[in-house]
Amino acid sequence: MEEERSGGGATAPTATWLIKHFSLYSRATRHPFILGICDGTVDFSSFKRWLAQDYIFVREFVPFVANVLLKACKQSDDISDMETILGGIASLSEEISWFKNEASKWDVHLANVAPLKENIEYCRFLQSFGSPEIDYTVAITAFWAIETVYQNSFSLCIQSDSKTPTELMETCQRWGNAGFEQYCKSLQKIADRRLEKAPSNIVEDAQEVFVRVLEHEINFWNMSSSGC
Ligand code: HMH
């Protein structure tokens, strides 16, 4: 596939990892929670748990992306990176309003929601990127992976043969739409450009972070699916 090829003709690093870690990636993007949305069997109480927990996550995601932006400003060799990341921050502002509005539709009281263990662990992982010791290449890889799991998951639910309940369609569109897919591709392009120039220890760290993101995403879906 054209977009999986890097300039030199070799397979781009992220495409290599998607193949190498395909089983883990599939567990993150084809999770029973998502498959349940697609076939219409999802339990609305699970959806409400996901909604409340993801609101907490997104609030923590803002300082994470701000840290990625800061690293880009200091370390990037391409000024357009900053604009792409800034665009991401701008969308998060609108996304927080969306969560509040969606929560009120579902009668979810966000102020009373405490983060669950898996969410706390994922948020702690996001906070670790505040350290100036974490390289921009590693951070942009994490950013790409986090967004891509949602894009790939929710885009399945908006395919014409899906039986996604009408009430959940807007949520699925939010991350499954073509604009968000394009945005994920631009993050992937930045990550690959950086990875292709990076020393091997940075590439190894980035791959490790990619795997950690997938594990956290699987845990997040598990947390949302299971009652407590
Ligand atoms: C858990 N992963 C989780 N929540 C999100 N909103 C995204 C990724 C995408 O922004």
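Biologist: How many disulfides does the count come to?

Modeller: The count comes to 0 disulfides, a disulfide being a pair of cysteine sulfur atoms within 2.5 Å. Cys-157 is in no disulfide, and the nearest cysteine sulfur, that of Cys-38, is 3.3 Å away. Cys-172 is in no disulfide either; there the nearest cysteine sulfur belongs to Cys-157, at 4.1 Å. Please note that this is a predicted model: local features need pLDDT of at least 70, side-chain atom pairs count only at pLDDT 80 or more, and totals for chains, interfaces and linings use all residues. Residues are numbered from 1 along each chain as its sequence is written, and side-chain values use heavy atoms, with hydrogens and water left out.

Biologist: And Cys-157 and Cys-172, are they buried or exposed?

Modeller: Cys-157 counts as buried because its relative accessibility is 0%. Cys-172 is likewise buried, with a relative accessible area of 0%. Buried means under 20% relative accessible area, exposed over 50%, and partly exposed in between, with a 1.4 Å probe and protein chains only.

Biologist: On to the ligand. Which residues surround it?

Modeller: The ligand is surrounded by Asp-54, Phe-57, Val-58, Phe-61, Tyr-122, Ile-146, Glu-147, Tyr-150, Trp-175, Glu-217 and Phe-220. A residue is taken as near a molecule if one of its heavy atoms lies within 4 Å of it. By class, this shell has 8 nonpolar, no polar and 3 charged residues. In that scheme Ala, Val, Leu, Ile, Met, Phe, Trp, Tyr, Cys and Pro count as nonpolar, Asp, Glu, Lys and Arg as charged, and the others, Gly among them, as polar.

Biologist: Which helix gives the largest share of the shell?

Modeller: That is α4, with 4 residues. Helices α4 (44-75), α7 (136-157) and α10 (200-225) each supply at least two residues of the shell. Helices are DSSP runs (H or I, at least four residues), numbered from the N terminus.

Biologist: What lies 2.8 Å from an oxygen atom of the ligand?

Modeller: An N or O atom in the side chain of Glu-147 lies at that distance from the ligand oxygen. For a nitrogen atom of the ligand, a polar side-chain atom of Tyr-150 is 3.2 Å away. A polar side-chain atom of Glu-217 is 2.6 Å from a nitrogen atom of the ligand. Taken alone the ligand exposes 280 Å², and the protein buries 100% of that; these areas come from the Shrake-Rupley method with a 1.4 Å probe.

Biologist: Changing topic: where is His-31?

Modeller: His-31 is in the loop between α2 and α3 (32-38), and it is buried, with a relative accessible area of 5%. Its side chain makes a polar contact of 2.6 Å with the side chain of Asn-222. A polar contact is a pair of N or O atoms within 3.5 Å; within protein, one must be able to donate a hydrogen and the other to accept it, and residues adjacent in sequence count only if both atoms are side-chain atoms.

Biologist: What else does His-31 touch?

Modeller: Not counting residues up to four places away in sequence, His-31 touches Ser-26, Ile-218, Trp-221, Asn-222 and Ser-225, where contact means heavy atoms within 4.5 Å.

Biologist: And Ser-153, how far is it from Ile-34?

Modeller: The two are 119 residues apart in sequence, yet 6.5 Å apart in space, C-alpha to C-alpha. Ser-153 is placed in helix α7 and is buried, at 0% relative accessible area. With residues up to four places away set aside, Ser-153 touches Ala-28, Thr-29, Arg-30, Ile-34 and Trp-221.
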